[in-house]
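Let's take a walk through this fold, one residue and one element at a time. Have the model open as you read.

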Amino acid sequence: AGIKQPPLFKDPVCDVRISLPSDFEDLEMDHDIIGVINRRKSHRVYTDEPLSALQLSWLLWCTQGVKDIRGKAYAALRTVPSGGARHAFETYLCIRSVSGIAPGYYHYLPQYHELERIREADDLQEFIDISSASQKWTRPASAVFYWSFVPYRAEWRYGMYTHRVALIDAGYISQNLYLACTALHLGSCAIGAISEDICNAKFGLDGEEEFILLMQTVGTVSDQDRQKEEDFYAFVKENDW
């Protein structure tokens, strides 16, 4: 229809920007893809150990990293698939415990592999709690990913069928985070039951042209907490399901 293509990325809007490390070869991780897939699971119990900045950088790269640009600015080729290479998602973070990064609310700039700080922290654990519709197990997470959807970025190509692409793309991103966390021996859990209006307000989104669609916790885990994980599913045994 000759309608101008929307930008591939959101422009930075904050003065505080953090360049993320990219020496990923220094990370201790499991390179056995079959083993990683077999061990992938949702973790809802976390220790109080912080993530490293390099670990967080790797997780951001695995979920929205830019590998190349096709044409002058037609499409971004990223570490996850996307229908029509539209990549209509943005990544926001609530960082509670990451070495070298001050606690606060952030937005990932994939075109630069940087974080911009939206605001400092004053209520991190409370926000993590209420943003997940009061699922209190989320509070100890070291970092929480919040993915927003920018509808027009995909509507420009897919029109009324955009919702299909959005749901599929969200799955790609979330699964990549799960697998990347598993490779680093970290825990993660995707959450669809979110308090959307609260999330949108915290990250300065209007709720129409851009809105939070999915969140996912990340934290350090311990084998000693295995029983606590099992306790989450006690109702299954109690009801003989």
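His 87 is buried, at a relative accessible area of 6% (buried is under 20% relative accessible area, exposed over 50%, and partly exposed in between, with a 1.4 Å probe and protein chains only). His 87 isn't a glycine, yet its phi is positive, at about 45°. You'll find His 87 in the loop that runs between strand E3 (75–78) and strand E4 (89–95); helices (H or I, at least four residues) and strands (E, at least two) are DSSP runs, numbered from the N terminus.

A word on what you're looking at: this is a predicted model, where local features need pLDDT of at least 70 and side-chain atom pairs count only at pLDDT 80 or more, while totals for chains, interfaces and linings use all residues. Residues are numbered from 1 along each chain as its sequence is written, and side-chain values use heavy atoms, with hydrogens and water left out.

## A serine with a positive phi

Ser 134 also isn't a glycine, and has a positive phi of about 65°. Ser 134 lies in the loop between helix H3 (124–131) and strand E7 (143–149). Is Ser 134 buried or partly exposed? Partly exposed, with 47% relative accessibility.

## The open sheet

Seven strands make up an open sheet, running E1-E6-E5-E4-E7-E9-E8 with antiparallel pairing; two strands pair if DSSP finds at least two bridges between them. On average, neighbouring strands are turned by 25° against each other, direction ignored (axes are lines fitted to C-alpha atoms, for helices over the stretch in contact, and angles run from 0 to 180 degrees between N-to-C directions).

Within the sheet, strand E5 (residues 104–109) and strand E6 (residues 114–120) pair antiparallel over six bridges, and Leu 109 sits opposite Glu 114 of E6. Over at E8, the antiparallel pairing with strand E9 (residues 211–220) also runs over six bridges, with Met 215 in E9 as the bridge partner of Ile 191. E8 is mostly covered, with five of its six residues buried.

How many of the 12 residues of H2 are buried? The count is 10, so H2 is largely enclosed by the rest of the structure; among them are Leu 54, Trp 58 and Leu 60.

H2 and helix H5 (residues 162–183) bring their axes within 8 Å and cross at roughly 145°. On the H2 side the contact uses Trp 58, Leu 59, Cys 62, Thr 63 and Gln 64, and on the H5 side Ile 173, Asn 176, Leu 177, Ala 180 and Cys 181; contact means heavy atoms within 4.5 Å. Those residues divide into seven nonpolar, three polar and no charged (Ala, Val, Leu, Ile, Met, Phe, Trp, Tyr, Cys and Pro count as nonpolar, Asp, Glu, Lys and Arg as charged, and the others, Gly among them, as polar).

## Tyr 178

Helix H5 also holds Tyr 178, which is buried at a relative accessible area of 8%. Leaving out residues up to four places away in sequence, Tyr 178 touches Arg 40, Lys 41, Ser 42, Ser 188, Cys 189, Ala 190 and Gln 216. Tyr 178 and Ser 42 are 136 residues apart in sequence, but 8.0 Å apart in space, C-alpha to C-alpha.
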